[in-house]
Amino acid sequence: MPFWDLQRQLGIDVDRWLLRQSMPQPYGKAGACHAFEREWVECGHGLGQTRARRECQPEYEDFMECMHRTKL
């Protein structure tokens, strides 16, 4: 049901944690990992799930490194 935001209505946070940088940010500034998230979303857009996992693995790894700050 794409027209209803059931997760927000029920208070469930299943997949929104992954797209934190796309949410409206305080003071209108982009988040630190916004560029990595955008590359990952653009890469996987229009591909099937299996193909996107295979072809967009480098973008996803970069995004996760930025989110978890493992290589700073």
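Trainee: In which hand does α2 pass α4?

Mentor: A crossing is left-handed if the near helix is turned anticlockwise from the far one by less than a right angle, and right-handed if clockwise. Here α2 passes α4 in a left-handed crossing. Bear in mind that this is a predicted model, where local features need pLDDT of at least 70, side-chain atom pairs count only at pLDDT 80 or more, and totals for chains, interfaces and linings use all residues. Residues are numbered from 1 along each chain as its sequence is written, and side-chain values use heavy atoms, with hydrogens and water left out.

Trainee: Which residues of α2 and α4 make the contact?

Mentor: Contact means heavy atoms within 4.5 Å. On α2 you'll find Phe36, Glu37, Glu39, Trp40 and Cys43, and on α4 Glu59, Tyr60, Asp62, Phe63 and Cys66.

Trainee: How do I read a pair of aromatic rings?

Mentor: Such a pair is described by the distance of the centres and the angle of the planes. Rings of Phe, Tyr and Trp (its six-membered ring) pair if their centres lie within 6.5 Å; planes under 30 degrees apart count as stacked, over 60 as edge-to-face and the rest as tilted. The whole structure holds two aromatic pairs. Trp40 and Tyr60 are tilted, 5.2 Å centre to centre with 50° between the planes. Trp40 and Phe63 are stacked, at 5.6 Å and 20°. Together, Trp40, Tyr60 and Phe63 form one aromatic cluster.

Trainee: Is Phe63 buried or exposed?

Mentor: Buried means under 20% relative accessible area, exposed over 50%, partly exposed in between (1.4 Å probe, protein chains only). Phe63 is buried at 0%, while Tyr60 is partly exposed at 28%.

Key: Helix = DSSP H or I, 4+ residues; strand = E, 2+ residues; numbered from the N terminus.
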